[in-house]
Amino acid sequence: MTRIAILDKDKCQPKKCNYACIEYCPGVRMEEDTIIISDEDKKPVISEELCSGCGICTNRCIFDAINIINLPEVLTETPIHRYGPNSFELFGMPTIEEGSVVGLLGPNGIGKSTILNILSGQIIPNYGNYDQEATWDDTIEYFKGSQLQSYFKKLADNQIKLSYKPQMVDQLPKVVKGNVSQLLEGVDERGKLDEIVETLELQSTLDRKLSNLSGGELQRIAIAASVLRDADFYYIDEPTSWLDVKQRLNTVQVIRQLTEEKRNVLVIEHDLATLDAMSDYVHVMYGEEGGYGVVSKLRGVRVGINAYINGFLNEENIRIRKQPIEFEIRPPSDLIESETITTYSDFSKKYENFQLEVDEGEINRSQVITAFGPNGIGKTTYAKMLAGVVKPDSGEIEEEIEIAYKPQYIQSDFDGTVQDFLFMHAKGYGTNVFKTDISKPFDLDKIIDKNVNKLSGGEMQRLATAVTLSQEADVYLLDEPTAFLDVEQRLKIAKAIKHIITRDDTSAIIIDHDIVFIDYISDRAMVFYGKSGYNGHATAPINLRDAMNRFLSDVEITFRRDKETNRPRVNKKESYLDRQQKEKGEYYYLEE
């Protein structure tokens with residue numbers, strides 16, 4: 001059986017364990033040199049050719065730094081790239097389809113960004129020979145006879161023009177100075193500046209400096225800058241973070257316009273509804289986070305996303321998940337009896353340039369209430385008023401209740417590991433209930449030894465949400481808990497939240513923009529509407545179907561249910577289904 005050994009060098013501390021992995025390895029005792037000590041950093045190096053996969057080294061490692069992974073039997077090809085001994089390995093590359101949008105769909109940490117770095121020329125693949133200098137000649141030879149051979153030959157000769165939208169757009173003000181109009185005018189090689197600015201609703205940002213913009217504004221500017229360039233290939237990494245539903249579909253529109261000019265687009269996206277609307281094809285990626293990643297065969301977008309949801313790739317005969325993800329069509333919440341936790345009166349809050357009005361409502365036990373609407377409409381202000389962070393001008397919660405609150409933007413100057421943080425802030429940490437209901441679904445064991453101030457955005461999001469859910473509360477108030485998370489993590493966390501509030505007979509209010517996540521987790525919903533940045537109005541919690549119809553009619557978007565998986569799918573504008581549903585006033589989906 002082919003296997004790979006992964007050593008996390010940040011966790012490995014051989015001086016504290018005196019090389020227990022080497023001492024107890026049967027291969028070493030038989031003088032096979034299965035594990036040796038690196039001359040460079042004095043850390044263990046495991047020979048994957050001699051390793052029998054017995055797992056003794058993983059059990060003996062007190063720091064959980066070693067992982068022996070058995071690769072799927074069908075995986076016999078040469079890896080495209082490996083970062084070093086006992087490090088991540090990538091198998092396969094995506095297919096380039098002219099005049100199409102190809103999506104990459106899969107968990108974080110399995111090589112999607114590595115693929116973009118290879119295709120953009122930032123990494124020359126080494127085909128597993130990490131101890132040799134990689135050259136483009138090797139790559140051109142490896143892909144001989146395929147479409148990628150011509151691509152890499154032109155890339156090596158600088159005959160291809162690329163446009164790359166990075167994932168971390170919050171770094172943009174550090175590398176680009178001046179205001180927005182100067183940036184966009186400087187990259188407008190397609191002569192589409194006015195059209196793109198209007199579609200992405202950037203008019204109000206043009207005279208502002210990048211350093212004064214929000215995350216959502218920076219995201220839209222980064223998208224505009226990438227699609228305005230005259231390129232042969234566009235590589236777009238997670239374009240919807242910080243964007244509301246309408247902005248996400250505006251992004252779909254500007255990206256789809258590239259295909260009308262026969263341009264090629266590869267996109268990484270975790271919002272299934274957006275990926276579905278944006279892409280013509282998808283590659284499902286599978287593997288193990290930080291261990292290896294595999295690019296599956298090219299599939300049509302509907303077939304590919306459904307295969308991912310079902311957890312089985314027919315052509316490869318590979319199961320990528322034990323159980324399929326199931327979307328339920330639930331009855332309206334007003335038909336389900338539920339005890340009221342508390343009620344609240346009308347809320348209002350007025351700032352110098354913004355005013356929010358919230359209709360009175362009630363919060364019921366064992367229910368998840370989602371809140372959605374455009375950015376800048378008052379959702380976070382509502383959460384802060386409910387949590388007591390901001391005092392309303394009028395209104396109050398009728399009964400005194402405990403609220404556990406996770407804010408939208410998470411900042412921590414905590415100097416210590418995740419484990420230290422959990423010991424200090426997570427109630428019940430170390431108990432079996434905490435391990436089962438929180439640690440496992442939030443994958444906390446994977447980050448337990450990391451320093452809190454060095455966590456990625458997604459890791460910090462998981463930690464903050466997990467700690468919030470560990471508190472004893474009547475209501476859990478979570479502001480954008482899916483930011484930076486992949487599809488798998490979003491739905492695992494949704495399941496965990498539902499389990500916790502049902503177990504404890506509590507409630508949750510969640511602000512989010514991912515329609516698939518909202519559909520998966522919601523019992524009732526609140527709609528925020530108004531004029532972004534000026535005034536907002538929030539409805540009382542109502543059943544999800546009515547809330548979605550209200551919201552989607554405002555943005556003139558219709559959804560349907562996929563017949564195989566029941567997941568929400570965006571209807572193409574002016575398609576037969578789009579027109580039919582609008583005529584019936586059913587924007588969410590038609591009743592069967």
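Which residues in α17 meet which residues in α19? V433, D437 and I438 in α17 meet A496, H499, I500 and R503 in α19, where contact means heavy atoms within 4.5 Å. This is a predicted model: local features need pLDDT of at least 70, side-chain atom pairs count only at pLDDT 80 or more, and totals for chains, interfaces and linings use all residues. Residues are numbered from 1 along each chain as its sequence is written, and side-chain values use heavy atoms, with hydrogens and water left out. Helices (H or I, at least four residues) and strands (E, at least two) are DSSP runs, numbered from the N terminus.

**Helix α17 and its partners**

- Helix α17 covers residues 432–439 and helix α19 covers residues 487–504. They pack at an angle of about 135 degrees, with their axes 10 Å apart. Axes are lines fitted to C-alpha atoms, for helices over the stretch in contact, and angles run from 0 to 180 degrees between N-to-C directions.
- That angle makes α17 oblique to α19. Angles under 35 degrees count as roughly parallel, over 145 as roughly antiparallel, 65 to 115 as roughly perpendicular and the rest as oblique.
- By class, the contact of α17 with α19 has four nonpolar, one polar and two charged residues. Ala, Val, Leu, Ile, Met, Phe, Trp, Tyr, Cys and Pro count as nonpolar, Asp, Glu, Lys and Arg as charged, and the others, Gly among them, as polar.
- F434, D437, I438 and S439 of α17 are buried. Buried means under 20% relative accessible area, exposed over 50%, and partly exposed in between (1.4 Å probe, protein chains only).
- Seen down the axis of α17, its buried residues fall within an arc of 155 degrees, so they line one face of the helix. The arc is that of the directions from the helix axis to the C-beta atoms.
- On the other side of α17, N432 and T436 are exposed.
- The buried residues of α17 pack against α16 (418–425), α18 (457–470) and α19.

**The eight-stranded sheet**

- An open sheet of eight strands has the order β5-β6-β12-β11-β7-β10-β9-β8. Its pairing is mixed. Two strands pair if DSSP finds at least two bridges between them.
- The edge strands are β5 (81–82) and β8 (162–165), and each pairs on one side only.
- β8 runs parallel to β9 (residues 233–237), joined by four bridges. K165 stands opposite I236 in β9.
- Helix α11 (residues 215–228) packs on the sheet and touches β8 and β9. The direction of α11 makes about 175 degrees with that of β8.
- β6 (residues 89–91) and β12 (residues 292–300) run parallel, with three bridges between them. L90 stands opposite G293 in β12.
- β11 (residues 281–288) pairs with β12 in the antiparallel sense, over seven bridges. Y292 in β12 is the bridge partner of E288.
- The hairpin of β11 and β12 has three residues between the strands. There, G290 takes a positive phi near 75 degrees.

**Strand β1**

- Strand β1 (residues 3–7) is mostly covered, as five of its five residues are buried.
- Both faces of β1 are covered. R3, A5 and L7 lie on one side, I4 and I6 on the other, and all are buried.
- In a regular strand the side chains alternate between the two faces of the sheet.
- β1 pairs with β4 (residues 66–70) in the antiparallel sense over five bridges. The bridge partner of R3 in β4 is N70.

- N86 has phi near 55 degrees, a positive value in a residue other than glycine. N86 is found in the loop between β5 and β6. N86 is buried, with a relative accessible area of 3%.
- D443 has a positive phi of about 50 degrees and is not a glycine. D443 is found in the loop between α17 and α18. D443 is buried, with a relative accessible area of 14%.

**M526**

- M526 is in strand β23 (residues 524–531). M526 is buried, with a relative accessible area of 0%.
- Leaving aside its neighbours within four places in sequence, M526 is in contact with residues including Y344, V358, I369, F372, Y382 and P541.
- The C-alpha atoms of M526 and V284 are separated by 34 Å. These two residues are 242 residues apart along the chain.
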